[in-house]
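Please take a moment to look over the sequence and the model that follow, and keep both at hand while you read.

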Amino acid sequence: MKTIAIGVGENENIIQACHIFKEKHPKTELKLIYKDEDLVKAVLDDKIDGVVRGSLPASNIMKELKEHYPNLSRATYVNGNDYEFLLSPVGIDEGVSVEDKFEIAMNCCDFLKKLGKTPKIAVLAEGREDDFGRGSEVSNSIKDAKKLTKMIEETSEDVTNYFILIEKAMKDNCNVIIAPNGRVGNIIFRTLILLNSWPSYGAVTFGIDKTYIDTSRDQSIEGYVRSLILVNDLAEHDD
């Protein structure tokens, strides 16, 4: 029997989600965690097959996890009838450098290949190409996007620099969306998932030897159920 640990904070949607999940997956044991430090212990526990952050706050947990796994990064996994993609970086302090985003992109590709899918990467910037010169932040973002695209091209992965045109990247069915930085990625996540209810399975965490799904404290019941399903499926895949 698999054991999945899940954090229980102020959002009680997680409790209802656990009941729904257990009805569909009675052979998986759920271990409810109520403290940040206990969730970190669950990640380090070899007897636990997977962990979902649930509705516990992220800051302390991520800080402690990074002491054990310094190269952590996350990618939100969106999967619905009309679209399926990984969005990253989504943590406000993630994806700071071009090198960070390159590593994230490669992790996203590995994850999709593990699921038997072919990566199609979209690199984003904070402006169109001809917006270069309209402020240092915009210009640096455009330069970084070009550099990142070139780095990914050298790996032979399918990649296109869409600059700020995320709508075109979605229309072209890209399944890896690399945001300019974690702050922009977080806003995209909140707009699509929390405001417009696009179906997210939570954020897959890379750089860690345990299946760990990071979730928003504001997620719906359905969202938490999807995260439990994902960690359960990934744990089976790892067996």
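Two residues are said to be in contact, or to touch, when heavy atoms of the two lie within 4.5 Å of each other. The model to which this is applied here is a predicted one.

With that term in hand, we can begin with Leu148, which lies in helix α5, made of residues 136-153. Leaving out residues up to four places away in sequence, Leu148 touches Val98, Lys101, Phe102, Val123 and Ile178. Is Leu148 buried or exposed? Its relative accessible area is 1%, and because buried means under 20%, Leu148 counts as buried. Not every part of the chain is within reach of this residue, however, and a distance can show it: Leu148 and Ile4 are 144 residues apart along the chain, and their C-alpha atoms are separated by 36 Å.

The next stop is strand β5, where Ser88 has its place. Ser88 is buried, with a relative accessible area of 0%, and, when residues up to four places away in sequence are not counted, Ser88 touches Arg74, Ala75, Ile104, Cys108, Ile177, Ile178 and Ala179. Between Ser88 and Pro89 the peptide bond is cis, with an omega of about -5°, and Pro89 itself is found in the loop that runs between β5 and α4.

The loop between β5 (84-88) and α4 (98-114) also holds Glu94. With a relative accessibility of 5%, Glu94 counts as buried, and its side chain makes a polar contact with the side chain of Arg74 at 2.8 Å. If neighbours within four places in sequence are left aside, the residues in contact with Glu94 are Met62, Lys66, Ser73, Arg74, Pro89, Asn181 and Gly182.

We now turn to a helix that can be read as having sides. In α2, which covers residues 36-44, the residues Asp36, Leu39, Val40, Ala42 and Val43 are buried. Why do these residues lie on the same side of α2? They cover an arc of only 155° around the axis, and this puts them on the same side of the helix. An α-helix has 3.6 residues a turn, so residues three or four places apart point the same way. The cover over the buried residues of α2 includes β1 (3-7), β2 (29-33), β3 (50-52), α3 and β10 (211-214). Glu37, which is also found in α2, counts as partly exposed, at 38% relative accessibility. Ser216 has its place in the loop between β10 and α8 (221-238), and at 11% relative accessibility Ser216 counts as buried. Not counting residues up to four places away in sequence, Ser216 touches Arg53, Gly54, Phe189, Leu194 and Tyr224.

Phe163, in strand β7 (residues 158-163), has a phi near 55°, a positive value in a residue other than glycine. Ser197, in the loop between α7 and β9, likewise has a positive phi, of about 60°, although it is not a glycine. Phe163 counts as buried at 13% relative accessibility, whereas Ser197 counts as exposed at 59%.

The last stop is the largest pocket, which has a volume of about 550 Å³. Of the 26 residues that line this pocket, the closest to its centre are Arg53, Ala58, Arg74, Asn186 and Asp214. The elements that give two or more residues to the lining are α3 (58-68), β4 (73-79), α7 (182-195) and β9 (200-206), and α3 gives the most, with five residues. Sorted by class, the lining has seven nonpolar, nine polar and 10 charged residues. Arg74, one of the residues closest to the centre of the pocket, is also the partner of Glu94 in the polar contact described above.

How values were computed. Residues numbered from 1 in each chain as written. Predicted model: local features only at pLDDT ≥ 70, side-chain atom pairs only at ≥ 80, totals over all residues. Heavy atoms only, no water. 1 Å grid on protein atoms, 1.4 Å probe; cavity = no way out; pocket = protein on both sides within 12 Å on 5 of 7 lines; lining within 4 Å. Points joined across faces, edges and corners; volume = space filled by probe spheres on them. Helix = DSSP H or I, 4+ residues; strand = E, 2+ residues; numbered from the N terminus. Nonpolar A, V, L, I, M, F, W, Y, C, P; charged D, E, K, R; others polar. Buried < 20%, exposed > 50% of the residue type's maximum accessible area, 1.4 Å probe, protein only. Polar contact = N/O pair within 3.5 Å; in protein donor to acceptor, adjacent residues only side chain to side chain. Arc of directions from axis to C-beta.
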